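Hi,

Here is the structure I said I'd pass on.

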Amino acid sequence: MKNKNLKTLFVPLLAAFTLSVTATSAVANDFPSKPINYIIPFNAGGESDLSARFQQSVFEKYAGVQTVIQYMPGAGGAVAWSQLNGMEGDGYTIMGINIPHSIMQPIVKDSGYTTDELTPLYYFHYTPNAIFVPANSQFKDLGQLIDYGKKNPGMVTFAGSGSNSANHIGQATFDKLTGITSTYVPFSGIGPAMTSLMGGQVAAGFAYATSGASAGDKLRMLAVSSEKRLSAFPDVPTFKELGIDLVGGAYRGVAVPKSTPEDVRQKLSDIVGEINKDPEFVKKMEDNGFVLTDISYKNMDAFIEANKAEYQGVAQLLGLIK
Amino acid sequence: MELVSYLIEALTPLNLLLALVGVIAGTIIGAMPGLSATMAVAVLVPFTYVMGPASGLIVLGAIYTGAIYGGAFAAILVNTPGTPSAIATTFDGYPLAKQGKGALAISLATLASVGGGLVGGLALLFLAPPLAEVALAFGPSEYFWMAVFGLTLISALSVGNTLKGLIGACIGLLLSAVGVAVVGGDVRFTFDQVSLLGGIDLTSAIIGLYCIPVIIDLVANKAPHLKFESIRGQSSLAEAFGLILKRKFNLLRSSVIGTVVGILPGAGGSIAGLVAYTEARRSSKESETFGKGAPEGIVATESANNATVGGGFIPTLVLGIPGTPPDAIILGALLVQGIKTGPSLFTDQGSIVYTFIYGLIIATLLMLPVGLILGKYAYKSISKTPKELLVPCVAFLTVIGSYAIHSNPHDTFVMFVLGIAAWFLAKLGFSASPIVLGLVLGKIAEQGFVQTYLIGSAQGRTLEMFFGRPISIGIIICCIIALLFPILAARKQQKPETIEEPSRKSSVLIFVLALIGVGILLFNDTKNMSILGAVFPSYIAGAMIFLSIVLFIKLAIKKDGFNQNAKLLPNKRQAGVSLVILLWTIFMAKLGFGIAATIAFISIMFISTFEKQKPIRIIFNIIISILIVLLFYFVMKEILLLRLPSGLLF
């Protein structure tokens, strides 16, 4: 008798289990059908957060569902990225991802993940580095700053976001290309770095171009490390125009846990791609100094490999590896 | 007058309703340890996209200010700060509630919060552009000295026990160094644990250090948690109002401190509260009552932390640099709405900015009725809740709260470990507050110190950078006064307090020896770091070794004053509660958040039941437990949209 009871309980359970398994394989057709968690591996207010908020405001238009943004800061993104593959891979958990961070960190130290373990779907923008000085600074153009730096080794102090960050890499490369010796002063993010710059605590800032958008006329941008001039700052020359071969900054994208099915990955990549063409989104991004890029899921591997090779060299330059 | 028209705009029924709802929601969220203003604001931002910019900002600002205020409830009633801003509220709030004056404590906190919020709000309304310059005048050296000034509070917090206070601060400072260093990029004190790379989360640490000892001590015996005195004669509001009026200068000074600290990016409510508390204690005529339920202490912290709200918006709106984490999210919301911050914001888009500022001020005023009604209810229900439900509720909040910060079970585990450590440390005479102080101020002190050194040595004027800047000199003078003050005060009193050591001599001595060992271990660890990353932790570790040796000698030659009957180990119930929470933190990801919480909640309920109960009461309690867990589960998952581990079940 007891056995029979167990059986009656067991059969529907088994049925439910089979159903749920078949349901997951058919998931892509009705994906997405509930809000998507968008984890930002940094604190609120930074470039990653801001660009995700811009995406969020038009996300529903292209995905049919909303996103919920949450923050999981720590160790320049490593805390969140090292946990990404342990999260549910049903497409409802996506995470911000950055280059050079996600490439440099595993090169330099054990960060709990390797670059190849991560699954980026789309790199949708980048923020070029830029050199800023306060509006009342003695340096009117980059040439004056370089001259001063050559005559006074170490005296040019650059505020930037943290050690080994994209800003730090930019500053080290800049020193090498121009032959000057400057002092990099790391802060806990772009915000505090820009405050110290506006307050004249440091001579200059090596930060992202986006920081120039909200500072108004308090700061002067001397050069920007993009290929072409930015539409938000048409008067600021690129380093290339000034004869310094410095192009770079931070790329930002979206990644998913490794267990996410291929068709869901593709679908998410498509959604991010469509958002990147939304005129309202494009305008907000460009007004704030972001540069849109379209590195989609199918082009990802080549993009990552190229960056890995580049940053291996940068790590040597910074003395982070021998 | 344009300003008047903006005021009328802020007073539309919709905006008033949004402010009210925001304040109520914020106060409740702030009262729950771990559910922070940052989180509430972050989740709600998308809902404001469909509102007008001003209305959206009003609801976010109202939640923010409500949450900062709500943190006082848990601080006063359960001795655990609901938000880091309320750390210093526990110093006097809980002792006052213990004396049966919980209603007075809440009234004081409410009035002070409204007062402080108004000062911050008015500064934002009338003085924002010039005050934004304050943010710029503070450089690395000023931040360093401000953190040092905050640390001088230790001498006040641990009168007669300064040595142990200083060692506690060293422990906190060393904890703050865990993880990847901002300056230098070194990986420090992680013992090869990847989960420690991000450092120790301040909020989860605070929850552990304050809440876990409370829970363990609650089940020590069956004495009630709080006395509830029904109010006779004079109402607590009138009494609180009288107390504040008598010392209105304290309210004003603390509010100004809060506004200024709020303006400084990276500082925030916890530091504002601590600095204001230090100042209030120093300048009070009855400084010896601080820490034992002094109304002035509550007023200082609560006015200062709510003043940071208005203050924090000043650099956010004027410079585009957020003063506090919630400001950072609100700044993002502004940019999404297409509003450019910066000096021209106040002229170009005055209608939005001024409507928002008025809305914030109105929300602050609404805290008065909301706080008094909610506060009365909270005090009554917490003091009347039977222990067998109160203890699991507090435990549930600590686990949820530490988890919710980043939806990360690791933070819950850290919370638990630090909490157990804090309980043992308290038995040995080390209080949690200096540790928290070190943890809060450590990063600011270190970054300020190393940055000042970097800039100074690059330009060959290190000493001038540290000691030659006018604001720095001012803060240094404050530090000296604060340090000398307890000595002077003690001389005036002329009878040194004899403090009984809370534990047996041998156990304290063994612990101090262990501290010396840990100090040496950590000091050795710094040898593999870069100079920038090593300088701060190596000095702190050195200081801890030195102070521990001094303490060891002092205690070794001391003959009496030890409590020979002291028990260092927990009793059965205390150990049981600790074990349940430990298993809870370990298994919640595997079992599923909901089911683990239900099992743990009911287990703790049985552990904290002291009298034999009728079956009907037990069944009733179990049903209540399940309902509480389900309610929170629903709120967390469906309203706050947190990622909860579903594990095997739910």
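**Where chains A and B meet**

Between chain A and chain B there are 12 residue pairs in polar contact, both partners at pLDDT 80 or more. Keep in mind that this is a predicted model.

On the chain A side, the elements that give two or more residues to the contact with chain B are β1 (36-40), α3 (47-63), β2 (67-71), α4 (78-84), β6 (183-187), α8 (190-198), α9 (211-215) and α11 (279-287) of chain A. By residue type, that side of chain A splits into 25 polar, 23 nonpolar and seven charged.

As for salt bridges, the count between the two chains is one. It pairs A:K218 with B:E133, and the closest N and O atoms sit 3.2 Å apart.

Now the overall numbers. Chain A puts 55 residues into the contact and chain B puts in 49. Together the two chains bury about 4,200 Å², with 62% of that on carbon and sulfur atoms. In chain A, the residues that lose the most area to chain B are A:R53, A:Q201 and A:S214, together 14% of what that side buries.

One more thing, on chain B: there's a nonpolar patch on the surface, made up of B:F413, B:V417, B:L579, B:L583, B:I586 and B:F587, with about 500 Å² of accessible area together. Helices α18 (409-427) and α24 (572-591) of chain B each supply at least two of the patch residues. The most come from α24(B), which gives four, while B:V417 lies in α18 of chain B.

Cheers

Terms used:
Residues are numbered from 1 along each chain as its sequence is written. Chains are lettered from A and ligands numbered from 1 in the order in which they are written. This is a predicted model: local features need pLDDT of at least 70, side-chain atom pairs count only at pLDDT 80 or more; totals for chains, interfaces and linings use all residues. Side-chain values use heavy atoms; hydrogens and water are left out. Contact means heavy atoms within 4.5 Å. Buried area is the accessible area (1.4 Å probe) that two parts lose on being put together, summed over both. A salt bridge is a side-chain nitrogen of Lys or Arg within 4 Å of a carboxyl oxygen of Asp or Glu. A polar contact is a pair of N or O atoms within 3.5 Å; within protein, one must be able to donate a hydrogen and the other to accept it, and residues adjacent in sequence count only if both atoms are side-chain atoms. Ala, Val, Leu, Ile, Met, Phe, Trp, Tyr, Cys and Pro count as nonpolar, Asp, Glu, Lys and Arg as charged, and the others, Gly among them, as polar. Patches are made of residues with over 30% relative accessible area and no salt bridge: like charges are joined within 9 Å, nonpolar side chains (Val, Leu, Ile, Met, Phe, Trp, Tyr) within 5 Å. Accessible areas come from the Shrake-Rupley method with a 1.4 Å probe; for residues, only the protein chains shown count as cover.
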